[in-house]
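Subject: Handover of a structure and summary of findings

Dear colleague,

Please find below the structure that I am handing over to you. My notes on it follow.

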Amino acid sequence: MKTRVMILVSVLLLGSMPAFAQKTIVTGRVLDSLTREGEPGAVLQFFQAQDLEKPVAYTTADEEGRFWQRLDGSGNYELLFSGVGRFSERRSFVIPGQTDTLDLGEILIRDDVEMLSAGVVVAQRPLVKMEVDKMVYNVSDDVDSKTSTVLDMLRKVPMVSVDGQDNITVNGSSSFQVYVDGKPNQMMSQNASTIFKMMPASTVKNIEVITNPGVKYDAEGVGGVLNITTNREVTGGASAADGFYGTVMGIASTRGGGGGVTASMQKGKFAMSLSANGMYNSIRGTETDLVRVQDNGFSTSTHTATGMKMPIAMVNGSASYEIDSLNLVSATLGFMSYGMKNENGFTNTILVSPEAGTYSYSGTLSTTNNRNNISVGADYQHLWAGVPGRSFVLSYQYNGAPSVNNSMTLMDATSFAGFDFTDRKSDGRTGSNDHTVQADFTTPLGSKHSLSTGAKYLNRHNSSDQTDYLRENGTWRENPASSLQYDFYNRIAAAYTELTGNYGAFSLKAGVRYEHTWQNYSSSAQKGSFSVNYGNLVPSASLQWNLGLTQNIGLSYNMRISRPGISYLNPYVDTSDPTARTYGNPDLEAERGHNVSLVYNIYSPKVMVNATLRYTYAGNGISAYSFYDLDNVMNTTYGNIVQSQNIGLNTFLMLTPTSKTRIMLNGGFGYSDLRSAQLGQQNAGWNYNALLGVQQTLPWDLRLSANFITSGKQITLQGWSTGMSIGMLGLTKTFLDDRLSLSVNGLVPLARDFKMTMKTHTVGSGFTSDMITRIPMSAVTFQISWSFGKQGNYSAKRARRSIENESQLNTSTTAESMSSVIL
């Protein structure tokens with residue numbers, strides 16, 4: 001009898017083991033019901049049907065809204081999606097015995113709207129998606145985007161600040177990368193502030209700030225990465241309805257005007273989009289007063305009046321074709337033409353000593369810069385049907401950026417000992433061409449882990465052909481001593497590996513990236529040449545804890561680098577200013593920054609809060625510095641001379657008390673400590689910036705927006721610059737089912753003369769310098785737009801990964817973040 005019982009128990013245990021050992025991977029995709037876009041970071045809970053109170057597992061969707069989760073055992077289950085501003089969605093399903101994979105298909109989610117008594121549907125879509133590794137600001141949902149520039153909108157974006165001189169910092173650093181639709185654009189990278197102040201915000205869909213990109217992405221950019229997603233870049237595919245949709249808009253302001261058109265279409269598995277925009281800005285009346293005083297009593301005083309004209313044109317296109325559900329090909333094409341013409345009149349007074357008296361002269365400086373950028377990219381993506389989450393992406397990209405730069409200085413001066421007042425001009429052509437190939441592979445390792453690995457190679461060639469002339473007896477003659485022809489090759493090879501683990505409420509990500517750089521510079525014999533090569537091992541790690549469906553906390557560490565670009569390395573000496581000379585330093589090495597951040601996010605339908613505490617350390621920071629030589633001419637060059645420490649707290653708060661009211665506070669404060677043993681100097685101080693905004697829907701569906709922007713003193717190694725205050729007010733009205741939109745916006749500096757006034761103080765080796773700049777920033781802008789066609793998302797799909805290129809310290813670039821909870 002005992003033996004029979006043991007046999008019976010053994011049979012029962014063996015018979016039950018498959019049920020207990022069974023593991024099923026449940027997959028699907030979360031999509032917006034109207035736009036058919038994937039919902040990245042969507043939070044999904046899994047329940048057993050007999051217990052809908054306690055979830056047995058939960059997961060988050062990736063960048064395209066796809067998810068996969070292991071469930072143990074068979075039976076009846078229920079899936080729950082919930083999110084701010086969205087209706088909850090439930091999906092019941094059954095896992096039969098011995099099932100390895102179960103695909104739930106598409107899960108469509110809808111906005112949670114309020115039906116008013118008049119029958120009008122109103123929805124307050126969140127302007128910001130907050131994650132541990134990044135934040136996304138939905139520019140297209142902000143009423144101010146109708147009449148503002150991209151630079152104006154950046155003042156609202158969490159972790160980004162723009163000072164009174166339009167200098168941009170990300171995560172407290174001026175070293176960051178800029179991308180457009182996930183693709184690098186050299187021209188925009190090198191001139192981000194100038195282009196953003198001319199670029200209409202209505203052409204932008206959202207702005208992503210990625211503070212901890214991880215090792216999948218280029219190591220360039222101490223502050224992180226900034227990705228500008230344009231309105232042309234939306235998701236298409238076979239699941240979207242066929243159709244055509246477009247928008248035409250025009251802008252007129254007291255400083256210029258412009259217009260543009262966007263169009264998207266879908267036909268079966270093929271989708272494409274095209275956008276073209278043009279803008280012209282003119283700023284006159286900027287004045288600068290600069291006083292430099294040496295310790296020996298020698299001083300110079302300069303007054304400059306500047307007028308500036310800036311035209312810009314952009315054309316972007318993208319197309320994609322889904323070969324089948326597992327294979328996707330896509331292509332992008334971009335063109336940008338950007339110009340700047342400056343007319344400067346100046347008066348300079350030199351004081352050698354009180355006994356010798358003063359000497360004055362005047363002149364004009366005219367500069368013209370015309371720059372173009374062409375980019376072409378192609379991606380192929382392959383997914384595995386039997387292995388959810390496994391993907392392979394192969395990408396290629398070409399960028400070309402030719403430019404023409406001319407300048408002329410005409411002097412009204414007599415001879416003065418030690419200074420050259422000869423009229424001079426310069427005609428120059430520069431070019432940049434780069435080719436990039438990249439491969440990325442991602443695969444799950446069991447149910448809790450995933451592995452990503454990849455490699456990349458970039459080959460970039462910069463060239464310059466600049467001829468300088470001096471005017472002698474009314475004739476322009478070439479000056480070989482100051483002319484410059486050079487070739488600069490920058491080659492970067494990179495490889496990375498990253499492991500991600502999800503353990504219920506906790507997730508961990510850690511990886512390492514290695515980048516090797518080869519740089520070669522050659523010029524005429526008298527200008528010299530140099531070659532360097534070096535490697536950087538870049539680690540990254542982050543830990544996230546989901547405290548619940550509406551809050552999370554994250555701790556991250558990453559190392560970032562900033563390579564010096566050609567303008568920092570070039571030993572060419574610029575002598576266009578008789579009282580100053582500038583030149584680069586070919587001995588510079590890559591700046592290395594270490595970043596630690598603690599992030600907390602919480603939201604409810606009425607309140608959304610992000611708080612980020614950050615610490616950054618760089619022991620070999622690159623900085624410009626100035627000094628005087630024995631001939632009383634100021635020299636400015638660059639060096640790895642700064643040891644910097646920055647600690648700061650950034651906070652974003654959004655209140656939505658009613659469906660017609662939105663209140664926003666975006667700001668932060670910090671403390672900076674800068675030291676240089678080489679110069680024997682140090683400086684430290686506090687800084688702050690804040691934006692307070694209110695958006696209110698008035699009677700007759702008029703949308704009012706009011707913003708107050710302010711910032712405090714900014715610290716540099718050798719001095720400081722003052723802050724600023726700006727006020728903005730706007731009104732928007734739509735007609736004909738929102739197809740016709742009319743907007744007006746005003747911007748004014750909050751100062752006595754309604755001009756932006758900036759003061760800068762510098763203390764160098766043997767001198768002090770004080771500069772006051774007055775900029776007439778006041779402007780009124782009108783915009784009209786008309787949407788036509790069958791509205792929907794008909795634009796090209798993008799591969800999960802694509803090329804994101806390196807940039808040097810005098811450039812910038814961006815990327816996308818890891819998956820995390822979207823709030």
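Two strands are said to pair if DSSP finds at least two bridges between them. Helices (H or I, at least four residues) and strands (E, at least two) are DSSP runs, numbered from the N terminus. This is a predicted model, in which local features need pLDDT of at least 70 and side-chain atom pairs count only at pLDDT 80 or more, while totals for chains, interfaces and linings use all residues. Residues are numbered from 1 along each chain as its sequence is written, and side-chain values use heavy atoms, with hydrogens and water left out.

Overall composition

The protein has 5 helices and 46 strands. Of its 823 residues, 52% are buried; buried means under 20% relative accessible area, exposed over 50%, and partly exposed in between (1.4 Å probe, protein chains only). A contact means heavy atoms within 4.5 Å. Among contacts between residues at least 6 apart in sequence, 68% join residues at least 24 apart.

Strand 5 (residues 75–81) runs antiparallel to strand 6 and is joined to it by 7 bridges. Glu78 has Ser92 in strand 6 as its bridge partner.

A second open sheet has 3 strands in the order 4-1-7, and its pairing is mixed. Strand 4 (66–72) and strand 7 (101–109) stand at the edges with a single partner strand each, so one side of each has no neighbour in the sheet. Neighbouring strands of this sheet are turned by 25° against each other on average, direction ignored. Strand 1 (residues 23–32) and strand 7 run parallel and are joined by 7 bridges, with Thr27 opposite Asp103 in strand 7.

Strand 34 and its partners

In a regular strand the side chains alternate between the two faces of the sheet. Strand 34 (residues 591–603) has a covered face that includes Val599 and Tyr603, and an uncovered one that includes Val596 and Ile602. Strand 32 (residues 551–562) runs antiparallel to strand 34 and is joined to it by 12 bridges; Tyr557 stands opposite Val596 in strand 34. Strand 34 also pairs with strand 35 (residues 607–628) in the antiparallel sense, over 11 bridges. Ile602 has Val609 in strand 35 as its bridge partner, and strands 34 and 35 form a hairpin with 3 residues between them.

Aromatic pairs and charges over rings

Rings of Phe, Tyr and Trp (its six-membered ring) pair if their centres lie within 6.5 Å; planes under 30 degrees apart count as stacked, over 60 as edge-to-face and the rest as tilted. A search of the whole structure finds 15 aromatic pairs. Tyr486 and Tyr521 form a tilted pair, 5.4 Å centre to centre with 35° between the planes. Tyr486 lies in strand 29 (residues 484–503) and Tyr521 in strand 30 (residues 506–523), so the pair ties together parts that are 35 residues apart in sequence. Both Tyr486 and Tyr521 are buried. Tyr568 and Tyr638 form another tilted pair, 4.4 Å centre to centre with 40° between the planes. This pair links helix 5 (residues 566–569), which holds Tyr568, to strand 36 (residues 634–658), which holds Tyr638, 70 residues apart.

A charge sits over a ring if NZ of Lys or CZ of Arg is within 6 Å of the ring centre and within 35 degrees of the ring normal. The charged end of Arg390 sits over the ring of Trp384, 5.8 Å from its centre.

Nonpolar cores

A nonpolar core is a set of buried Ala, Val, Leu, Ile, Met, Phe, Trp, Tyr and Cys residues joined through side-chain atoms within 4.5 Å. The largest has 53 residues, and those with the most contacts inside it are Leu154, Phe196 and Leu226. Apart from it lies another core of 18 residues, among them Phe67 and Leu79.

Yours sincerely

Key: Axes are lines fitted to C-alpha atoms, for helices over the stretch in contact, and angles run from 0 to 180 degrees between N-to-C directions.
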